[in-house]
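Let's take a friendly walk through a protein together. Have a look at the sequence and the 3D picture, and then read on.

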Amino acid sequence: MLNFKPASPLLLLFALTACVAPGVQFPSLERRPYETNAPVAAPAESPTPSAVLSAELATKLNALLAKHTAANQDFLRGLGAVQSTASKAAGTAPGSEAWVNAQLMLSRLDKMRADSVAVLREFDGLITDAGAVDADMAALVTEAQRPVTEDVAAQSAEIARLSRLIGE
């Protein structure tokens, strides 16, 4: 039988300090913006009247908003049928016909919102680019992004709710 003596606290402290290299800057362990569900946002300051969108940027924002609107309308049109199918599948065994049908319809519903999620990513890139040039411009782009952010969050919440209803 082996008999171990506990190490002295001083020895442990010495061993731990040997693990740290002097003057070395380690990367932060904080989450990066792309590691969360939260979209990139400009500072909370409101845009000043002096910030004006260029015609090119305004056209791009309008195109993104139109793309999102179409995807959101598709999502809302498909939602009723998925809700009905999910309600029928609630409590059924995984792998049953009702469960499989509900899972398929839920996948299709999630695909219907793909353009909205893509638009949100594009807005994040525009906010980052605008913030590098002008904080007021980034605030204007963030404000234009707000309805997309709210709609995508509502879509995600509904998909999560339906998924819980169907069961794993």
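**Before we start**

This is a predicted model, in which local features need pLDDT of at least 70, side-chain atom pairs count only at pLDDT 80 or more, and totals for chains, interfaces and linings use all residues. Residues are numbered from 1 along each chain as its sequence is written, and side-chain values use heavy atoms, with hydrogens and water left out.

**The overall picture**

What is the protein built from? It has five helices and zero strands, so reading along the sequence gives the pattern α-α-α-α-α (helices are DSSP runs of H or I with at least four residues, strands are runs of E with at least two, and both are numbered from the N terminus).

Of the 168 residues, 26% count as buried (buried means under 20% relative accessible area, exposed over 50%, and partly exposed in between, with a 1.4 Å probe and protein chains only). The accessible surface of the protein is about 11,500 Å², and carbon and sulfur atoms hold 61% of that (the areas come from the Shrake-Rupley method with a 1.4 Å probe). Among contacts with a separation of 6 or more, 81% join residues 24 or more positions apart (a contact means heavy atoms within 4.5 Å).

**How the helices pair up**

Axes are lines fitted to C-alpha atoms, for helices over the stretch in contact, and angles run from 0 to 180 degrees between N-to-C directions.

| Helix pair | Angle | Axis distance |
|---|---|---|
| H2 (residues 55-89) and H4 | about 155 degrees | 8 Å |
| H4 (residues 114-133) and H5 | roughly 160 degrees | within 9 Å |
| H3 (residues 97-112) and H5 (residues 135-166) | about 170 degrees | 10 Å |

How do H2 and H4 run relative to each other, parallel or antiparallel? Their angle makes H2 roughly antiparallel to H4 (angles under 35 degrees count as roughly parallel, over 145 as roughly antiparallel, 65 to 115 as roughly perpendicular and the rest as oblique). The crossing of H2 and H4 is left-handed (the near helix is turned anticlockwise from the far one by less than a right angle; clockwise would be right-handed). Residues of H2 including Leu61, Leu64 and His68 meet residues of H4, among them Val119, Phe123 and Leu126. This contact divides into eight nonpolar, three polar and four charged residues (Ala, Val, Leu, Ile, Met, Phe, Trp, Tyr, Cys and Pro count as nonpolar, Asp, Glu, Lys and Arg as charged, and the others, Gly among them, as polar).

H4 and H5 are also roughly antiparallel to each other, and their crossing is left-handed. The contact includes Leu120, Ile127 and Gly131 of H4, with Val141, Val148 and Val152 among the residues of H5. Its residues divide into 15 nonpolar, six polar and one charged.

H3 and H5 are roughly antiparallel to each other. Trp99, Ala102 and Leu106 are among the H3 residues in this contact, and H5 brings Ile159, Leu162, Ser163 and Ile166. Here the count is seven nonpolar, two polar and one charged.

Gly131 sits in helix H4. Is Gly131 buried or partly exposed? With a relative accessible area of 39%, Gly131 is partly exposed. Its C-alpha atom is 9.4 Å from that of Val141, ten residues apart along the chain.

Leu165 belongs to helix H5 and is partly exposed, with a relative accessible area of 30%. Leaving out residues up to four places away in sequence, Leu165 touches Ala86, Ser87, Ala90 and Gly91. The C-alpha atoms of Leu165 and Ala102 are separated by 9.9 Å, although these residues are 63 apart along the chain.
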